[in-house]
Amino acid sequence: MTATDLGLPSLRGTEGVPTLAEGETLTGKDFSSDQEVRWCPGCGDYAVLKAVQGFLPDLGLRRENIVFISGIGCSSRFPYYLDTYGMHSIHGRAPSIATGLATSRQDLSVWVVTGDGDALSIGGNHLIHALRRNVNMTILLFNNRIYGLTKGQYSPTSEAGKITKSTPMGSVDHPFNPVSLALGAEASFVARTIDSDRKHLTSVLAAAAAHRGTSLVEIYQNCPIFNDGAFDAIKDRDTKEHALIPLEHGQPIVFGGGTKGLVRAAHGGVEVAEIGDGDGQVSLEQVLVHDAHQPDPTTAFAISRLTDAGYLNRSPIGIFRQVDRPVYDDQARAQVATATAAATGDRSDRLAALLGGGDTWTVV
Amino acid sequence: MSKQVKQLDRVIIRFAGDSGDGMQLTGDRFTQESAAFGNDLVTLPNFPAEIRAPQGTIPGVSSFQVHFADHDILTPGDAPDVLVAMNPAALKANIGDLPKGATVIVDTHDFTTRNLAKAGYESNPLEELDAESGGDQGPLAGFSVHPVDLTGMTVEAVKEFGLSRKDAARAKNMFALGLLSWLYGRPIEPTQAFLSRRFARVADIRDANLAALSAGWNFGETTETFVVQYEVKPAPMAAGTYRNITGNLALAYGLVAAGVQSDLPVFLGSYPITPASDILHELSKHKAFGVTTFQAEDEIAGIGSAIGAAYGGALGVTTTSGPGVALKSEAIGLAVMTELPLVVVDVQRGGPSTGLPTKTEQADLLQAMFGRNGEAPVPIVAPQSPGDCFDAALEAARIAVTYRTPVMLLSDGYLANGSEPWHVPEVADLPRIEADFATAPAEGETFEPYARDEETLARPWAPPGTKGLEHRIGGLEKADRTGNISYDPANHEKMVRLRQAKVDGIAASLPPLAVDDPGREDGEGARVLVLGWGSTYGPIGAAVRRVRRAGGKVAQVHLRHLNPFPNDLGEILKSYDKVLVPEMNLGQLALLVRGRYLVDAVGYNQVNGMPIKAAELAEAITALVEGTEKEDVQ
């Protein structure tokens, strides 16, 4: 077996997707479909929908070249509410459908909307393979840490010991950390944001959309019916300062109003230290500077491990990793283009040559 | 030394050896030589699922049977006239299929105590033929046996190339091919050219194979072991260009042609599975035709990606075998609900579960027909011979694109790997397929993604990228015309019936069935009809010929379309007293025909992983024909 050098990506961002004409603009309203939105009152999905509708015009892309594909679950109703092209598919399979669409059409901006059950349980295989291939798509993973549409069973991100309808004595499952999982699959863009922080959400979505390859955005999203309060610690005004660890490329990773920072740990990972002059405290210079563009995902993974696996009291948010890596669909199309360019003659003549090739004989 | 030349009208040869001995290649080359010579032919490869089963054992035996003739033939033949056995296990595994008097050429080199024991022989069957054992005793008694040290002579013939003994011995299959080519007057030039191409980069291996091939030929010419040379003259065939082709290759070509004839890019999403993988391999070579192949992470992603590509306006295809169809079922239902064109190729193999990966069977018909939740009708198309896989693929694509529906294309392991001469079609004669994409609505009009064409009941195909056609589809029930989510009871009933009516309506586009019943026009028709589908076409045709030669009257109809059935099938079935349905399953078409037409169809069922034997089927047909006549007397 031999391998060939495929080279690095040459296309950037959303290149290839037609943009709006000079002077033409769209608004959030242009992206609202005529369908009545039917999530439960207070659902975090409303906030994300509003943010997405508000943000899409900023892309400057033609509306008819944007496609949203979803699987099954509450969040997967998303495409019905956006006036773009869309498909509400089957449970867990949205990344595979998006892969086929993105590979066959360079001129589309492809989005996947999924949830923690859809993406990490029934569709786990498709998710990791989409991430490893680095297909041009942006995956919005709504993580409410519960099964909502089936009315309240624990999910693959629910904390161990969680009492639900299907686990009356407490779940004995160990949860996934979606960011760690994505980094393990060598995703080229991995970020986390929160449904209730529209500004942060929008900035992360903008970066994700501009990234060439697969972008995974985990969105902490509250389910007021079956898992209300799951994210209170990081949303509550009194606690969030010490619960959220904001990641900004090129900046020292500090939180807690500047009192805490991340430093290298003796065990090789990353840990929280107090900033100051006191005993056991560290100086600001010793605090880790976030490098989202580092090709080696080791540090990003270490940072992702600071997220609580149990009840959420602490979590880094922002862009963990954003690197350039060969893009599957760009390369697949390039191979087809190269082969097509090398072929001479029209397709019918070439088909005749193919069919009549090999060892033939003629009967007269 | 000039030898006697004896004329034969047809010969069946089986090459058998260890799965590492190159028997498939040997058989394939002999086939190409026979094709180039102008014989009609049909082949039957038969190999274990293990890539290298334990050497020298019965489970490790791989064989390739080729039937060639000076006339039109339909099957690879029931029983070989000649067996070439490269080791004791190959002899033991195959000798039982030969009629007494058949020729057996044995490579004596591996008939050691150890290898005999591995094959389960307590004594050497070759020695039992010797005079000191009383002559013509043991399991080979009654056969025309030629013990030849093929391996020893091969090693001797290639020693100048300085290969290791192991590499030298590997050329023994070419020695055997050379010998058989001489014996049946086959031209070896095509094989010489093939070897030069294949081993262009390894000169010593190339030269050793060429030398072994020639040495085998020369051995035949000079030895006294073979006193007679045989000749099978070319078969008369319709004028045109021919090539030998396997079903998988023809099917892949059919999909490439469907892309050209529809002006659509072809997108194949597939996960490797025996015996369908060759189609993935072949299509991956044809990027210059705008064919994209995607090796997915699993069967579901294979079809998922094809659905995504179809939504994007490509000719979406997924290829698999029965276990893969089981995994794809939910996604096929999605394609039914979203009404997107899709070709699902099922190269059937022995089941259930992993079953017999390398053997043939037709037991996925009911899975194709009903294997989904809800009322989810899917058209089904089946090829009847290796070459016919080309036309069947085009037909599946035509139905998929015209009617905006997933289509099942049911090939099988025998068609996939078997081969026959294929009359290369003229591209100008191939059917056109019209994608007929939706166009932007006029000012003031709203696009309705679930409005329907009056004739075909197909909905518009509106890939992303066209302004004004933005719409959402999905697996939830659709409201008629608008395609919005609808849980309305009356709408669901309407949509279920519409989807069924659309598939049923495909029958209107089908040509009348060909009824092969020589006396029918003169009112002297048969009373018994044999109804088949798929790869049983060859055995049924051969069996029907046998019955007719013996004076029996029997009619034959073969179905390309299993869903919907052609409109004239019911009338045809009712015009016969008895209907026999031979199938490589336990009666799946028979069940459908009985259910649909209330016809008392009788099954002839075989599920042993091998094609039906014409002689045995002919007996069953004859019994039915005679039984019908007896009923008259009573």
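**Sheets, helices and contacts**

Tutor: Nine strands make up an open sheet with mixed pairing, in the order β7(A)-β11(A)-β5(A)-β6(A)-β4(A)-β3(A)-β1(A)-β2(A)-β17(B). This is a predicted model, in which local features need pLDDT of at least 70, side-chain atom pairs count only at pLDDT 80 or more, and totals for chains, interfaces and linings use all residues. Residues are numbered from 1 along each chain as its sequence is written, and chains are lettered from A and ligands numbered from 1 in the order in which they are written. Helices (H or I, at least four residues) and strands (E, at least two) are DSSP runs, numbered from the N terminus, and two strands pair if DSSP finds at least two bridges between them.

Student: In which sense do β2(A) and β17(B) pair?

Tutor: Strands of a sheet pair through backbone hydrogen bonds, either parallel or antiparallel. A:Gly86 has B:Arg472 as its bridge partner, and A:Met87 stands opposite B:Ile473. Strand β2 (residues 85-88) of chain A and β17(B) are joined over three bridges, and the sense is parallel.

Student: Which element gives the most residues to the side of chain B that touches chain A?

Tutor: The contact takes 59 residues from chain B and 51 residues from chain A. Elements giving two or more residues to the chain B side include α1 (23-37), α11 (299-311) and α12 (322-338) of chain B. With nine residues, the one that gives the most is α11(B).

Student: How many residues of that side of chain B are nonpolar, polar and charged?

Tutor: Ala, Val, Leu, Ile, Met, Phe, Trp, Tyr, Cys and Pro count as nonpolar, Asp, Glu, Lys and Arg as charged, and the others, Gly among them, as polar. On the side of chain B that touches chain A, the division is 33 nonpolar, 18 polar and eight charged.

Student: Is α11(B) roughly parallel or roughly perpendicular to α12(B)?

Tutor: Angles under 35 degrees count as roughly parallel, over 145 as roughly antiparallel, 65 to 115 as roughly perpendicular and the rest as oblique. The axes of α11(B) and α12(B) are 8 Å apart, at an angle of about 30 degrees. That makes α11(B), relative to α12(B), roughly parallel.

Student: Why is α9(B) oblique to α14(B)?

Tutor: Helix α9 (residues 247-262) of chain B and helix α14 (residues 388-403) of chain B have axes 7 Å apart. Their contact residues divide into 13 nonpolar, four polar and one charged. The two helices are oblique because they pack at an angle of about 40 degrees.

Student: How does α4(B) lie to α6(B), roughly perpendicular or roughly parallel?

Tutor: Helix α4 (residues 150-157) of chain B and helix α6 (residues 172-183) of chain B pack at an angle of about 105 degrees, with axes 9 Å apart. Among the residues in contact are B:Leu150 of α4(B) and B:Phe175 of α6(B). The angle makes the pair roughly perpendicular.

Student: How far apart are the C-alpha centres of domain 2 and domain 3 of chain B?

Tutor: Chain B is divided into domain 1 (4-231), domain 2 (245-423) and domain 3 (528-633), with bounds from an automatic or database domain assignment. The contact takes 23 residues from domain 2 of chain B and 20 residues from domain 3 of chain B. The distance between the C-alpha centres of these two domains is 27 Å.

Definitions and conventions. Axes fitted to C-alpha atoms, helices over the stretch in contact; angles between N-to-C directions. Contact = placed C-beta atoms within 7 Å.
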